[in-house]
Amino acid sequence: MNCAFEIAVGCDHGGYRLKEVLVRHLRKKGLRVLDMGAFSEESMDYPDTAYKVARAVSGRRAARGILVCKSGIGNCIVANKVAGVRAALCHEVKAARLSRQHNDANILVLGSLFVKDALAKKMVDVWLATPFEGGRHARRLKKIEKIERMNKSR
C-alpha cells in the first residue's frame, strides 16, 4: 500500500484511546491518515465523527475509513446511512477479512470494549491488505447499490 492511500479515522470519547493507537500504527506503516476526531476523552456525540468519516469515504476524500466507539454499533448505524458506504462492525480478524473479500467494506468499525490494541492492529492490517473478490459478490453489491438508489428519493 502506498502513501497516496488515505484513511479517514474517527471516534467518540469511548473510542479515543484505541483510535490514537491505530492512528500511530497506520502512520508508522507510512499511510496517510485523515484524523476526524474526537481529539480527547471529553464526552461527545458519536454521530458527528461517524458522519464525517462516512462522507470522506463516500466523497472519495479517503480511500477507506475506520471508526471506533465503545460498542461500534452506533458508528456502524450512522456510517451505513451514507450512500456508497459499506461499514462493517468486526470483532475478529476473520470477520474483517470477509468484510473486504465478500462485501468490499470501505469502513471498518471497531468496539473498544471488545477489541484490544494488538487485535485491533492485526484486524486493521488484514482489512487493509485484503482485496475484494468480485464474482458473485459483485452481483450482490450491485443489488445493494440499487436499494440505495431506490431509497434516495424517499
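Let's start with a meeting of side chains: K29 and D125 form a salt bridge, with 3.8 Å from N to O. This pair ties together distant parts of the chain, since K29 sits in the loop between α1 (16–28) and β2 while D125 belongs to helix α5 (residues 117–129), 96 residues apart. Keep in mind as you explore that this is a predicted model.

**Salt bridges**

- A search of the whole structure turns up 7 salt bridges.
- In the opening pair, K29 counts as partly exposed at 45% relative accessibility, and D125 is partly exposed too, with a relative accessible area of 26%.
- R86 and D104 also meet through their side chains in a salt bridge, at 3.3 Å from N to O. Here again distant parts of the chain are linked: R86 lies in the loop between α3 (73–79) and β4, and D104 in the loop between α4 and β5, 18 residues apart.
- Both R86 and D104 are buried.
- Salt bridges with shared partners join K19, E20 and D35 into one network.

**A patch of positive charge**

- On the surface, R136, R139, R140, K142, K143, K146 and R149 gather in a patch of positive charge.
- One of these residues, K142, is found in helix α6 (residues 136–152).
- K142 counts as exposed because its relative accessibility is 57%, and the cut-off for exposed is over 50%.

**Backbone features to look for**

- Most residues other than glycine have a negative phi, and most peptide bonds are trans.
- R60 is not a glycine, yet its phi is positive at about 65°. You can find R60 in the loop between α2 and β3 (64–69), where this residue is exposed with a relative accessible area of 74%.
- G37 and A38 are joined by a cis peptide bond, with omega about -5°. A38 is part of the loop between β2 (32–35) and α2 (46–58).

**Around L89**

- L89 is found in strand β4 (residues 87–89) and is partly exposed, with a relative accessible area of 29%.
- Not counting residues up to four places away in sequence, L89 touches S71, G72, I73, C76, V109, L110 and G111.
- From C-alpha to C-alpha, L89 and K152 are 24 Å apart in space, and 63 residues separate them in sequence.

Conventions
Residues are numbered from 1 along each chain as its sequence is written. This is a predicted model: local features need pLDDT of at least 70, side-chain atom pairs count only at pLDDT 80 or more; totals for chains, interfaces and linings use all residues. Side-chain values use heavy atoms; hydrogens and water are left out. Patches are made of residues with over 30% relative accessible area and no salt bridge: like charges are joined within 9 Å, nonpolar side chains (Val, Leu, Ile, Met, Phe, Trp, Tyr) within 5 Å. Accessible areas come from the Shrake-Rupley method with a 1.4 Å probe; for residues, only the protein chains shown count as cover. A salt bridge is a side-chain nitrogen of Lys or Arg within 4 Å of a carboxyl oxygen of Asp or Glu. Lys and Arg count as positive and Asp and Glu as negative; His and the chain ends are not counted. The place of a charge is taken as NZ of Lys, CZ of Arg, CG of Asp or CD of Glu. Helices (H or I, at least four residues) and strands (E, at least two) are DSSP runs, numbered from the N terminus. Buried means under 20% relative accessible area, exposed over 50%, partly exposed in between (1.4 Å probe, protein chains only). Contact means heavy atoms within 4.5 Å.
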